[in-house]
Amino acid sequence: QVFTFNTVEIEVQPSFKVKNGAPMSVICHADISKSTDFQLKRNFTIFKNDKPVFVSISDSENAQYEIPVARSSDTGEYECTVEAGGKTKSSNSLHVWVTGMTKPILTAEEKEVLEGEVVKLRCELPEEVPPLHFFFRKIKVNSTPKEKHVYEPYRNFSEVTFSVEEGDNILYFDCFGKRSVLLKFESSEHSNRTLVTVKEPFIKPTLNAKPSSNITEGDRIQFECSTVVARMRDIEIILQKNKTILKSVQDEKILKYSAVATLEDSGEYLCKVEQGRASKTTKLNVVVSELFPKPILSASRNNLDENKELTLSCSISGFRKANFSILRKNSNGDISLKNSRNLTMRVNVNDTGSFICKAEVKGIVKESKPVMINIYAPVSKPTLSVVSGLPEVVLGKPLRLICRSAMGTPPITFRFHKGNEVKTIVTNDTYAMFLDENIRQNDKKGYKCDARNNHSSGMKTSNILNITVIVPIRSASLGSIPYGEVEDGHETAFLCSVEEGSWPIHFRIFRKTDHEVLLFETSENADRIVWRKKAMNRQDTGTYYCMASNRANVDVKSHPITISVILAVWQKGVIAASVLIPIAGAVTFASWWFLCKKKK
């Protein structure tokens, strides 16, 4: 009893693509070859998405899995496995697609609602398997449906709420579903339409203005906003203008509001009635005519000297009967000067500022545009000085000058002069700076500045400031007499000189051994100095140099010279005598001894 599997095959009838609701058969076929005709039991297992959905044991070559009503949940990968006599063989997988979806069922929690309430809906796809997409629609006559989408990953139903808005009377709702198959979306047909009727909790409010919506400023205007409500609980009436709430009442059917009309009261008014989520509005446009134009404040002068008279006058074009007042603007509140059309006052510097006038007719107060009045104190004689302090400048460096005027109302205009030439003009409060970068060695021109403001006294001029130009030290040198070598005990004269530099000059002479030793220093109104070292000795041998500086504060160092202290002539003679005398004595003694020996 030998057998072998030839093939195991799977097929779907009528097709691998089945319409939702149609019958479907999955057939597994096992082709086996046997050595003799003997009975062989076959164990058939059909898998869907790797999960067993059908098992059968048979002598037949075929096993059939019947699905009388195919649903989208039957979509998937099908495979067949056959086991017989200890041998197993599987078919290739086959994708089965059940097209279309079942019709969803829509239910509404309430069939009759009030404006401002919500409609709760439930959409169900009882034959479908999640994940699913649900789409709900709110349909109103002669308007585009409003749609909401909900994704349900774990259940085959979904619930949403729709707000009932003003103007909704008869509403229809429906829903449909979608699912993803092979990276494509498949849609169901739309559900049954569900009708929901809407009742008004209150009627649209009425808004009236008395005596009229066209009035003149100064008259009293009264607004009335009313409505008719089904129930008084939680009702609220609000009166607004430009989003500003003027008044509101609760649990009442009427709102009243009155005020004295001004030009600013022109515009659109809105009455709103709210109850829960429901809201209805009514608008009314109000026009307020001008009773009188804004007053105009005029001044005899806008710029004047202190202690002069200033006259202010307030007037209304084409209108004379009004209560006038003149005030000065202040950050802490306007200061009333006089309740009159005209004001004459003697001014001082502290009166500088903005002035206004007000006019009042029938309780309506209007304010003029502010008028700026500037009061000027004369400038004092300016002082001119160097920023660094001393009236001098180093050649090649910039000169910074400052011109100050201790008194005078700003702004003050300063002018700088170098000689008879105006160099620069600066406008500032109390001082101005000037920079002269063109300083020459023989610059003899004096500086001055003048100052003026809007006071009638005119310009004031400072004293002339003369500047000393300091020439820095250039090229210091050191020499000595004698030069190079000097006898011990003799005098040496050192000469330190500079080629150029403003007096006084500070000279210093140093000797450099293991460290620098200051030997001499002096300040002279000269370009050279001589220092005499009286008695040189051997310890004075070494390197010498000098340094020179002046008020330019730059030290200039000379090249070094070397001085060697040698023995004097008399010192050499003493040394020679001390050596030769003993030698001569020794020779004389030797000669005497030799002669004495010869005589014997």
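Between which domains does the largest pocket lie? The model is predicted, so local features need pLDDT of at least 70 and side-chain atom pairs count only at pLDDT 80 or more, while totals for chains, interfaces and linings use all residues. Residues are numbered from 1 along each chain as its sequence is written, and side-chain values use heavy atoms, without hydrogens and water.

The largest pocket lies between domain 1 (3–99) and domain 2 (105–199), because both give residues to its lining; the domain bounds come from an automatic or database domain assignment. A pocket is an open set of points on a 1 Å grid over the protein atoms alone, where a 1.4 Å probe fits, with protein on both sides within 12 Å along at least five of seven lines; lining residues have an atom within 4 Å of a point. The volume of the largest pocket is about 230 Å³, taken as the space filled by probe spheres set on the points, which are joined across faces, edges and corners. Among its lining residues are Lys48, Ser72, Glu128, Pro130 and Arg179. Strand 16 (residues 170–181) gives the most to this lining, with 3 residues; strands are DSSP runs (E, at least two residues), numbered from the N terminus.

The second largest pocket holds about 170 Å³ of space. Its lining includes Val386, Leu390, Glu392, Arg400 and Ile470. Strand 37 (392–394) and strand 38 (399–404) are the elements that give two or more residues to this lining, and strand 37 has the largest share, 3 residues.

Glutamine 240 is in strand 22 (residues 235–241).

Notes: Helix = DSSP H or I, 4+ residues; strand = E, 2+ residues; numbered from the N terminus.
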